[in-house]
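Here are some exercises to work through with the model open beside you. Try each one before you read its solution.

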Amino acid sequence: MLGPTNTGKTHLAIERMCGHASGAIGFPLRLLAREVYDKVCAIKGEAACALITGEERIEPPNARYFLCTAEAMPPDGGGRAFVALDEAQLAAGRERGHIFTDRLLHARGRDETMLLGSATLEPMVRKLLPRAQIEGRPRFSTLSHAGACKLSRLPPRSAIVAFSVEQVYQVAELLRRFRGGAAVVMGALSPQTRNRQVELFQSGEVDYIVATDAIGMGLNLDVHHVAFAGLSKFDGVRQRRLTPAEMAQIAGRAGRHQTDGTFGTVSGAGRGGAPLEFTEEEVYAIEQHRFAPLTHLFWRNPAPRFDSLERLVADLEARPQRDGLVPAPEAIDLTVLKRLAEQPEIVDGVTTPGQVQRFWEVCQLPDFRQLGADNHARFVARLWEDMRHGHIGADYVSARVAELGNTSGDIDTLQGRLLAIRSWAYICQRPDWVLARDEMAARARAAEARLSDALHQKLTERFVNRRTAVLMKGMGKDAGLLRVNLEQDGRVTVEGQAIGHLEGFRFVVDADASQEDRKLMLAAAEKHMPALLAIKANSLIADALGELTIADGAVMRGEQKVATLEKGKSVTAPRIVMAKELGQLDPAALARMTEALAVWLEAQLAPLAPLKALEEAAEDPEAGSEVRALLLTLVARNGTVKREDAGLAHVPKEKRPFLRKLGVSIGSLDVYVPALLKPAPRLLLHALALDRRDVQPGMVAVIEASERPHAGYRRAGTQAIRLDMAERLFRAAHESRAKSARDTGAKGFPVDLALPTSMGLSPDSFRSLMKDAGFRPGQAEEMPEGVYGPPRPLPWTWRAPRKDSAQARPARPPRRERPKTDKPRGEQSTGEKPRQPRGDRKPHGKGKSQSDAKPQGGERRGPPPERREPRDPRPPAYRPATGKALAGLADLFKR
């Protein structure tokens, strides 16, 4: 029976088998075998039905109807009246094709045999089984292409097909956000988990199901639309595009019985967000069910000889003798056999046919865990060591099953345990591998059931149920309100949802945590991560080293130096050099300790966050070269710099807000960062040996001056005042000056002495400090006779020092002499300027008398410009005698 999907082939085979006294059907997946088993049990009763797969065996004593995987069904049919092989076109598959080819050639029923598969198999059936009667059935419904569609706009009752576990989780997570949830089906799930997930979809609790390509192998679902999240998959050798027949096998799940179906792609699911589209040829082939026929099937000797390992390998690699059959690619069981056969210590004693056959059976253990040939070969070798001389002990199997039956952990952990428990379930099903086989098999099934329930619950919580109210309503709000935990196994969870894990002290985001709706959780993790890492580092350091401190540029444990802090890429990122005494540690332990110290140091350097912000801002292109120079100076001088050394004249005024955002204050005498004037950052800078100046532990406002300057203070007479407190006094004085000029217009202004007195600054120290800022006290006014009361406040004046501007302002060039001319000044100003001959010109700034040159410092000699008499434009002969000329005439008259 050949034809496309939704032609009722499997349903017809079930009806035909139930019409016989006995029967067996082989399926490609145990999920499909379990689905059909449940249907046959409903018709014939559980006592008459058996389910046999590699990992599960339900075989009542009087069972007559056997539902099996292709590997578990009898190679010759077992003498039953009816035998069927489903999805027979898989005989062309690379990994398992030879199994289906063998069943196609040899499995026969006494009364009736059915081969169910795609129409592409017809030429090979005619060639290999010329007496077979081929029947085709049309599809019950129409399948049409619907194009690409956004994930948020998929119609209800849609199945989204992905080709990796990571992509399945990503799509399901997005559907939970946009449409409230989705069921998840993968071939690696246990039948119980898969059935319960399918029930969520079939019952209508969710309208979407996300699955791998296993959905194309006959799983009957009420699907109206199939959306492809990818059009390529890894086939065990390379990443390749699906063939049109494979696309049709999956797309055919849409539209069951008389209901038409559609298929398409998910918009933007291509690499890098590129469009994902079917070609016109692919669309035509899928809609019209026209595919290239199969030209060969894979074959491997189903009855090898067991005289020796060499003979066994040779028989398994033998070439077929029939036309249309080609040697099967080397499957993993043959790969494991050949690798172990090369190790004498493992195959020692494997000489008799019985031992060779038993060794080959062990090598045929499926790689359920998908570890790859090397890891799987090691597992098989360990298993053979236990079975070489008998059976595997029940205690050992029981311990392994109990260990894997742990139901704690996230989805990936539970799924990994399920895959591992399948290996032990397979081992326990073998008749002569395990002592107390039935009991161990029951324990393995029970463990699988517990894991399945836990996995179903995790899948439902993650992809179906609404997120907690705080998470769903908190999108875009403060991420710090979310609960972030670091589990014992290193997993990082936000509101119970795992979003990453720690590799040492490095936070690694899980692949399924990169969707837009998890931005809040990632932000929460990033916000809490320093504290979580610090807890872990402190615990590790406390266990290994005890209490640590920072002193004199080193990490100390009491009097013992643990590490030296050398200059790193930046001031706030020193490089840790472990002490020589610790160099004797194991390299792995030393690396772990160094990493822990780095995290511990990062937490200790938290008070220097304002300084780190300056370093980062200096690398911002928005800062500009002038601001970058100022920031680097501040960093180099640990957050304080004198105004005359800051180069403020070069900083544009429009950049001042940028500095204010960084916490930089531009005062009258200093440019500083107030946050770095607190005790914690000053003490830390001193402990790191970055600032050798003395530190006042409490950083009080005023202290007594000493010969060595104190960090963060400015000298004021015999005292020293903290920079921000000094600027506070200057600001109050400027406010009083502005108020006095606004109210009275007087030149002098009062200064309130209560503020410096409250700080502890003496009057002499206050006057010395104010003098540095350009403030000068005036003379006290004597009270008129007969007037009583408090004296008038001392008037102060201010003259800006502006040292930073004076140094930055370029020198003004000396005034050039006007060329001599007979024309009056008025005529010269209105006419064209006379040009001086090139040879008579003097260099700029030279040729003037010393009295005409402008003095240094910008001061003018002589009367101010507004007091000078205007120059007479007439020639000297016509000018009236004035000044010294009149005095000369008077002398003549006296003679």
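This is a predicted model: local features need pLDDT of at least 70, side-chain atom pairs count only at pLDDT 80 or more; totals for chains, interfaces and linings use all residues.

**Exercise 1.** Work out how strand 22 pairs with strand 21 and what the turn between them looks like.

*Solution.* Start with the ranges: strand 21 covers residues 549-551 and strand 22 covers residues 554-557. The two pair in the antiparallel sense, over 3 bridges. Next, find a facing pair: Ala551 lies opposite Ala554 of strand 22. Finally, look at the turn: the strands form a hairpin with 2 residues between them, and Asp552 there has a positive phi of about 50°.

**Exercise 2.** Now follow the chain on and describe how strand 22 pairs with strand 23.

*Solution.* Strand 23 spans residues 560-570 and runs antiparallel to strand 22, joined to it by 4 bridges.

**Exercise 3.** Classify the packing of helix 7 against helix 8, then sort the residues of their contact.

*Solution.* Helix 7 (residues 244-251) and helix 8 (residues 280-288) pack at an angle of about 50°, and their axes are 9 Å apart. Because of that angle, helix 7 counts as oblique to helix 8. The crossing is right-handed. Helix 7 brings Pro244, Met247, Ala248 and Ala251 to the contact, while helix 8 brings Glu282, Ala285 and Ile286. Sorting these residues gives 6 nonpolar, no polar and 1 charged.

Terms used
Residues are numbered from 1 along each chain as its sequence is written. Side-chain values use heavy atoms; hydrogens and water are left out. Two strands pair if DSSP finds at least two bridges between them. Axes are lines fitted to C-alpha atoms, for helices over the stretch in contact, and angles run from 0 to 180 degrees between N-to-C directions. Angles under 35 degrees count as roughly parallel, over 145 as roughly antiparallel, 65 to 115 as roughly perpendicular and the rest as oblique. A crossing is left-handed if the near helix is turned anticlockwise from the far one by less than a right angle, and right-handed if clockwise. Contact means heavy atoms within 4.5 Å. Ala, Val, Leu, Ile, Met, Phe, Trp, Tyr, Cys and Pro count as nonpolar, Asp, Glu, Lys and Arg as charged, and the others, Gly among them, as polar.
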